[in-house]
Amino acid sequence: MNPLPIRAFAPGRVNLIGEHTDYNGGVCLPFAIELGVIVTAEPSAGPGVDAPALRDDDPFLRGAVAELTAAGVELPGCSLGIVSDLPQGTGLASSAALCVSLVLALCAAAGTEPPPPVELARLCSRIENDYTGARTGLLDQLASLLGQEGQALRLDMRTLEAEPVQVELGGHMLAVLDSGAPRTLAASGYNERRAECRRAAELLGVESLSDAGDPSGLPAPLGRRMRHVLSENARVDAAVGALGARDWAALGKLLDASHASLRDDYEVSVPEVERAVAACHRAGALGARIMGGGFGGSVLALFPPEATPPEAAIGVRPGPGARVLC
Ligand code: GLA
């Protein structure tokens with residue numbers, strides 16, 4: 001056991017653009033935000049890991065302990081505390097932030113270097129997939145782990161290469177607005193889209209939809225799903241170009257086009273989300289779109305300096321990634 005109490009921080013994330021591309025071997029453009037989860041670890045007298053803030057059978061805790069034990073980490077007896085300023089269940093990847101901070105705190109408590117970021121992202125994603133039943137890609141975990149102040153990451157999910165992209169908005173503001181939609185359909189809807197994409201890739205004989213060229217031979221709705229994936233991959237690179245050129249109008253249009261594609265081709269929007277997008281536009285947004293897994297959650301919008309975002313919107317900017325604080 002490391003002698004000191006330990007504090008490990010992991011941020012939530014915003015995905016600027018590139019939605020539902022991570023599990024399709026495509027590209028996305030997330031950044032870590034400044035809000036996140038801190039897990040503290042204090043030595044305890046007895047053996048085992050306890051976390052009074054969580055239930056004993058909490059799947060994140062069980063998963064983290066099981067995965068680290070399987071990786072050969074000898075966990076000391078310790079008591080974990082959790083504090084978070086990241087809103088939960090609003091599509092800002094609070095589950096990934098909890099997993100990453102738990103694992104970092106436990107590794108530090110054991111006096112073990114955590115695995116390298118990609119391996120650690122996979123481990124955390126297994127905790128979510130196998131213990132909580134949420135089938136996520138690697139977008140959230142990689143964004144939380146690799147975040148850097150002032151920069152988004154262009155993640156190529158085929159090679160898992162991360163390329164930093166400067167986010168300097170010239171007085172513009174990115175903000176998230178919670179749609180308030182109940183998340184009842186979120187997990188099943190997300191899993192259904194993943195299954196549709198897997199089926200489409202099988203029909204086309206490709207490993208992932210980003211490798212395929214032409215969606216026209218696919219039956220409905222699989223053709224539409226694939227059209228979204230291909231057009232969204234192209235929008236990610238167009239957004240990197242717009243950021244570099246400081247072309248905010250173009251960036252706003254790309255957010256709108258992403259939203260239209262997620263609503264019409266990928267069919268992951270709901271009325272509450274449409275209302276939140278409309279509220280952002282009324283407040284003067286240059287573009288707004290549904291973000292994350294869909295069927296609720298937050299929308300992301302780009303506001304010019306003269307606009308006043310809706311009152312409930314939270315401004316977001318790229319902050320540093322997950323780390324042990326002391
Ligand atoms: C959720 C998942 C991510 C990703 C997005 C959609 O946030 O956790 O892996 O698939 O949805 O882009």
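Me: Which residues are around the ligand?
Reply: Arg13, Glu19, His20, Asp22, Tyr23, Thr136, Gly137, Leu139, Asp140, Tyr190, Gly292 and Gly293 are the residues around the ligand, each having a heavy atom within 4 Å of it. The model is predicted, so local features need pLDDT of at least 70 and side-chain atom pairs count only at pLDDT 80 or more, while totals for chains, interfaces and linings use all residues. Residues are numbered from 1 along each chain as its sequence is written, and side-chain values use heavy atoms, with hydrogens and water left out.

Me: How many of the shell residues are charged, polar or nonpolar?
Reply: The shell has four charged, five polar and three nonpolar residues. Asp, Glu, Lys and Arg count as charged; Ala, Val, Leu, Ile, Met, Phe, Trp, Tyr, Cys and Pro count as nonpolar; the others, Gly among them, count as polar.

Me: What lies 2.7 Å from an oxygen atom of the ligand?
Reply: A polar backbone atom of histidine 20 does. This is a polar contact, a pair of N or O atoms within 3.5 Å. A side-chain N or O atom of aspartate 22 is 2.6 Å from a ligand oxygen.

Me: Changing topic, how many salt bridges are there in the whole structure?
Reply: The search finds 18, each a side-chain nitrogen of Lys or Arg within 4 Å of a carboxyl oxygen of Asp or Glu.

Me: Which residue forms a salt bridge with arginine 13?
Reply: Aspartate 140 does, with the closest N and O atoms 2.7 Å apart. Arginine 13 is in strand β1 (residues 6-15) and aspartate 140 in helix α4 (residues 139-146), so the pair ties together parts 127 residues apart in sequence. Helices (H or I, at least four residues) and strands (E, at least two) are DSSP runs, numbered from the N terminus.

Terms used:
Polar contact = N/O pair within 3.5 Å; in protein donor to acceptor, adjacent residues only side chain to side chain.
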